[in-house]
Amino acid sequence: MPQPAPETPPVRLPAPVETSDVPDNPAPAGQLARQALLFSRTPCLGKCPSYTARIYTDGRVEYEGFRYAPVEGKRQLTLNPATVQKLLREAEQIGFRQLPDTYPSDASDMPSTVLVITTAEGFSKQVTVEENGPAALQALFARIDKHLLSALNVVGDM
């Protein structure tokens with residue numbers, strides 16, 4: 001008669017440890033730095049800069065530049081946390097939550113600009129613009145680009 005397999009005790013994982021990866025600019029005590037913005041420019045059939053930047057509340061930026069980006073490859077950058085908060089407030093002021101999810105183009109080779117904002121409460125909203133995005137949203141994109149260029153030590157436009 002076959003013996004029943006012994007019961008395996010459940011695996012207990014340790015509780016997460018609250019840390020910050022940016023020692024010069026740590027998150028407030030007891031608070032994890034969280035991703036606040038994901039900003040991305042997609043490629044086109046021409047020479048459109050393509051890159052992604054994950055921007056955290058503590059000012060840390062995980063940047064990856066692809067083809068025609070001002071800087072190609074992965075980089076760890078830093079923004080002032082007050083700048084991140086200012087960008088989030090600007091998004092709130094332009095009604096980012098109420099914007100349509102997409103501003104499509106009839107052309108198939110248009111690049112897209114994608115902005116995802118995640119709030120402290122866990123609400124996440126993504127807006128993708130191929131063309132005809134509102135002027136206030138385009139201005140926000142330009143400010144994000146400006147801060148990224150500055151952090152990359154690049155002069156000019158993306």
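The legends below describe close-up views of a predicted model.

Residues are numbered from 1 along each chain as its sequence is written. In this predicted model, local features need pLDDT of at least 70 and side-chain atom pairs count only at pLDDT 80 or more, totals for chains, interfaces and linings use all residues, and side-chain values use heavy atoms, with hydrogens and water left out.

**Figure 1. Overall architecture and confidence of the predicted protein.** The protein contains two helices and seven strands, in the pattern β-β-β-β-α-β-β-β-α along the sequence; helices (H or I, at least four residues) and strands (E, at least two) are DSSP runs, numbered from the N terminus. Of the 158 residues, 37% are buried (buried is under 20% relative accessible area, exposed over 50%, partly exposed in between; 1.4 Å probe, protein chains only). The mean pLDDT is 83, and 78% of the residues reach 70 or more; pLDDT is the predictor's confidence in each residue, from 0 to 100. Over residues 4-31 pLDDT stays under 50, and the model has 19 contacts beyond four places in sequence for this stretch (contact means heavy atoms within 4.5 Å). Among contacts in the protein with a separation of 6 or more, 50% are between residues 24 or more positions apart.

Figure 2. Seven strands are arranged in the order β4-β3-β2-β1-β6-β7-β5, with mixed pairing; two strands pair if DSSP finds at least two bridges between them. The edges are held by β4 (73-78) and β5 (102-103), each with a single partner strand, so one side of each has no neighbour in the sheet. Strands β5 and β7 run parallel and are joined by two bridges, and T102 has T128 in β7 as its bridge partner. Helix α1 (residues 81-93) packs on the sheet against β1 (35-41), β2 (51-56) and β6 (113-118), its direction making about 75° with that of β1. Helix α2 (residues 135-151) also packs on the sheet, touching β1, β2, β3 (60-65), β4, β5, β6 and β7, at about 95° to the direction of β1. Axes are lines fitted to C-alpha atoms, for helices over the stretch in contact, and angles run from 0 to 180 degrees between N-to-C directions.

Figure 3. K125 lies in β7 (residues 124-129) and counts as buried because its relative accessibility is 9%. Its side chain makes a polar contact of 2.6 Å with that of D101. A polar contact is a pair of N or O atoms within 3.5 Å; within protein, one must be able to donate a hydrogen and the other to accept it, and residues adjacent in sequence count only if both atoms are side-chain atoms. Leaving aside neighbours within four places in sequence, the contacts of K125 include F96, L99, L115 and I117.

**Figure 4. The disulfide between C44 and C48.** The protein has one disulfide, a pair of cysteine sulfur atoms within 2.5 Å. The sulfur atoms of C44 and C48 are 2.0 Å apart. The torsion about their S-S bond is about 90°, so the disulfide is right-handed. C48 is buried, at 18% relative accessible area.

Figure 5. T57, in the loop between β2 and β3, is buried at 17% relative accessible area. Y68, in the loop between β3 and β4, is partly exposed at 33% and has a positive phi of about 65° although it is not a glycine. N132, in the loop between β7 and α2, is exposed at 64% and has a positive phi of about 65°, although it is not a glycine.
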